[in-house]
Amino acid sequence: MSIEQNQESSLITHLEDLRRALLRSLGVLAVGIVPLFLVSPYVLDWFCGQIALQGDFQLHYFSPLEVFLLQLKIAALLDVVVCSPAIAWNIWQFVLPALYEKEKKFISSIVALTSFLFVAGVAFCLIVCFPLIVKFGMSFASDLLQPVFGVSNLVSLALWLSLAFGCMFQFPLVTFALVRAGIVEYETVCKKRPYVVVGVLSLSALLTPPDIISQLVLGVPTYLLFEAGLLAARRYKKPRG
């Protein structure tokens, strides 16, 4: 068999492994969506109660299927959060065969951390950041201008921000892994801090609604997490000289 044929066969094998990993992840999500959809009405009631605590107002819905579709969205987010360990495991299992034994141990150890950071990001968004955004929006109310919030708009915003926070909370892990694996040098990352700030703010602008409060609420914690990942990777910096 020629070199070209070997390379083609290897590529096909890798694509098959990737396909199986993705199918396993989708299978896990498919199994979890049904029970989590049954839980979603209780989550929606809790969420509406938490929003109502931010001020004296009621939430409204404006179409017959709006609440049903909203429950589907909530179930989808819960599905991703609950199944994130299994999804992370499937993804890393696809990567593991190409690594050395020492690297396999390192990668295996961060699977749980990947899931923990994602869940922490979602929790931080819903418990700390989203109430601040609601209060900021309500601060514009006056005798002539009263807020009328649609439940779909508020909950959809919370779900989207939760996913954004969950993904952006992976930042310290990515930073640490890049330095730990020797892909980038610690000193190089330190010198590129201004570019990291611009990158974080740009990503925050893309992942959040077009208001400066949401962008800062996501961007500031993300940059602090970057610094935390850099601090954890400090021991892998090259010695001077």
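This is a predicted model: local features need pLDDT of at least 70, side-chain atom pairs count only at pLDDT 80 or more; totals for chains, interfaces and linings use all residues.
Residues are numbered from 1 along each chain as its sequence is written, and side-chain values use heavy atoms, leaving out hydrogens and water.

Here are the two helix pairs, with angles running from 0 to 180 degrees between N-to-C directions of axes fitted to C-alpha atoms over the stretch in contact. Helices are DSSP runs of H or I, at least four residues, numbered from the N terminus.

| Pair | Angle | Axes apart |
|---|---|---|
| α7 and α8 (residues 212-232) | about 140 degrees | 9 Å |
| α4 (residues 151-168) and α7 (residues 193-207) | about 155 degrees | 10 Å |

So α4 is roughly antiparallel to α7 (over 145 degrees). α4 also passes α7 in a right-handed crossing. Their contact (heavy atoms within 4.5 Å) takes W160, A164 and M168 from α4, and V200, L203, S204 and L207 from α7. By class, that's six nonpolar, one polar and no charged (Ala, Val, Leu, Ile, Met, Phe, Trp, Tyr, Cys and Pro are nonpolar; Asp, Glu, Lys and Arg charged; the others, Gly among them, polar).

Back at α7 and α8, the contact includes R193 and V196 of α7 and Q215 and E227 of α8. It has nine nonpolar, four polar and two charged residues.

Methods:
Helices (H or I, at least four residues) and strands (E, at least two) are DSSP runs, numbered from the N terminus. Angles under 35 degrees count as roughly parallel, over 145 as roughly antiparallel, 65 to 115 as roughly perpendicular and the rest as oblique. A crossing is left-handed if the near helix is turned anticlockwise from the far one by less than a right angle, and right-handed if clockwise.
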